[in-house]
Amino acid sequence: MVTFYVLVLAATIATATLGNEVINPVIPVPRRRPGVILSENTLAKKVLVDFEVFLELNCPDSKVTWPVLKRVAQDFAPKGVRLTVNQFALPYHQYGYLSTLAYYFINNNNASLTVPYADAIFENIREFGLRSWTKTPIEMTKRLSEIAVSVGYEQGFNTTDILAFSGPVRTTWKYATRRGVSGTPWYFINNVDLGISSSGTLSYETWADYLNGLLMGKKI
Ligand SMILES: *[C@@H]1O[C@H](CO)[C@@H](O)[C@H](O)[C@H]1NC(C)=O
Ligand SMILES: *[C@@H]1O[C@H](CO)[C@@H](O)[C@H](O)[C@H]1NC(C)=O
């Protein structure tokens, strides 16, 4: 009988120890792989090249890069290049955080407006620069809402609505910084940090050559 109880006790402790194991990541793990996949509807079934970009909606270099990336996605998604765009709000852009919140709000409420909304914010980028520094967050949210209405999100939104997305914005920011992103545009291909930051932009032809090279190369 004594032996029996000792065994039961030992088993209980072992189970408890297992049950106490905790995975405790240093940053929150996003529920899904973050980002917006461009040209997802035409993406080949098999992803051969994973192209990940970090942009910011108030960043002039991101504005120049954005049409190039849209063209890359359009032409290369059918060939198996998955282009994912993440937003990385920069602390030295006064309204970057608000713009990113609004972008996630629109993406969540009507995904088909995500790209038109980004287009529209970039078109109006001057309004988000230093000259608008005097606008309060509420005033700037009103402006972001007007821009959303102009691309077809008729209801518009207010500060309360977009603040519901502070979690995803933060999680994406941490995801980015943990991987070494420190500016925009910033690129990863197949998880390798290309180390290209905000110092200028790259043409469509440059990306096309590079991606074609990867697509034609040997599989490891
Ligand atoms: C989403 O936006 C599209 C394009 O403007 C529109 O046709 C559609 O009705 C919208 N859907 C919702 C649920 O708002
Ligand atoms: C604005 O905020 C309130 C909460 O204070 C909310 O109930 C309302 O639906 C929001 N959105 C719009 C578009 O008015």
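This is a predicted model: local features need pLDDT of at least 70, side-chain atom pairs count only at pLDDT 80 or more; totals for chains, interfaces and linings use all residues.
Two strands count as paired if DSSP finds at least two bridges between them, and strands themselves are DSSP runs of type E with at least two residues, while helices are H or I runs of at least four, both numbered from the N terminus. As for labels, residues are numbered from 1 along each chain as its sequence is written, while chains are lettered from A and ligands numbered from 1 in the order in which they are written.

- pLDDT is the predictor's confidence in each residue, on a scale from 0 to 100.
- The protein has a mean pLDDT of 90, and 90% of its residues reach 70 or more.
- Residues 1-16 are another story: pLDDT stays under 50 there, and the model gives them zero contacts beyond four places in sequence. A contact here means two residues whose C-beta atoms, placed from the backbone, lie within 7 Å.

**The whole protein**

- You'll find eight helices and five strands.
- Starting at the N terminus, the elements go α-β-β-α-β-α-α-α-α-α-β-β-α.
- The radius of gyration is 22 Å, well over the 17 Å that the globule rule gives for 220 residues, so the protein is more spread out than a compact globule. That radius is taken over C-alpha atoms, and the rule is 2.2 Å times the number of residues to the power 0.38.
- Along the principal axes, the C-alpha atoms fill a box of roughly 80 × 50 × 30 Å.
- Of the 220 residues, 30% count as buried. Buried means that 20 or more other C-beta atoms lie within 10 Å of the residue's own, exposed means 12 or fewer, and partly exposed is in between, with C-beta atoms placed from the backbone.
- Among contacts with a separation of 6 or more, 78% are between residues 24 or more positions apart.

**Walking across the sheet**

- Strands of a sheet pair through backbone hydrogen bonds, either parallel or antiparallel.
- Strand 1 pairs with strand 3 in the antiparallel sense over three bridges, and Ile37 stands opposite Thr84 of strand 3.
- Strand 3 (residues 81-87) runs parallel to strand 2 (residues 49-55), with seven bridges joining them. Here Glu52 has Thr84 as its bridge partner, while Asp50 has Arg82.
- Strand 3 is mostly covered, with six of its seven residues buried.
- Strand 2 also pairs with strand 4 (residues 186-189), this time antiparallel and over four bridges; Val53 stands opposite Tyr187.
- Strand 4 and strand 5 are antiparallel too, with two bridges, and Ile189 has Val192 as its partner.

**The hairpin and a cis bond**

- Two residues lie between the strands in the hairpin of strand 4 and strand 5.
- Asn190, in the loop between these strands, has a positive phi of about 45° although it isn't a glycine. It counts as exposed because it has 12 C-beta neighbours inside 10 Å.
- Asn191 sits in the loop between strand 4 and strand 5, and its phi is also positive, near 75°. With 8 C-beta neighbours inside 10 Å, Asn191 counts as exposed.
- Thr184 and Pro185 are joined by a cis peptide bond, with omega about -5°. Pro185 belongs to the loop between helix 7 (166-178) and strand 4.

**A buried threonine**

- Thr65 is part of helix 2 (residues 60-76), and it counts as buried because it has 25 C-beta neighbours inside 10 Å.
- Leaving out residues up to four places away in sequence, Thr65 touches Leu55, Pro185 and Thr201.
- Thr65 and Arg33 are 32 residues apart along the chain, and their C-alpha atoms are separated by 22 Å.

**Around ligand 2**

- Gln155, Gly156, Phe157, Asn158, Thr160 and Asp161 surround ligand 2; a residue is near a molecule if its C-beta atom, placed from the backbone, lies within 6 Å of it.
- This shell divides into one nonpolar, four polar and one charged residue. Ala, Val, Leu, Ile, Met, Phe, Trp, Tyr, Cys and Pro count as nonpolar, Asp, Glu, Lys and Arg as charged, and the others, Gly among them, as polar.
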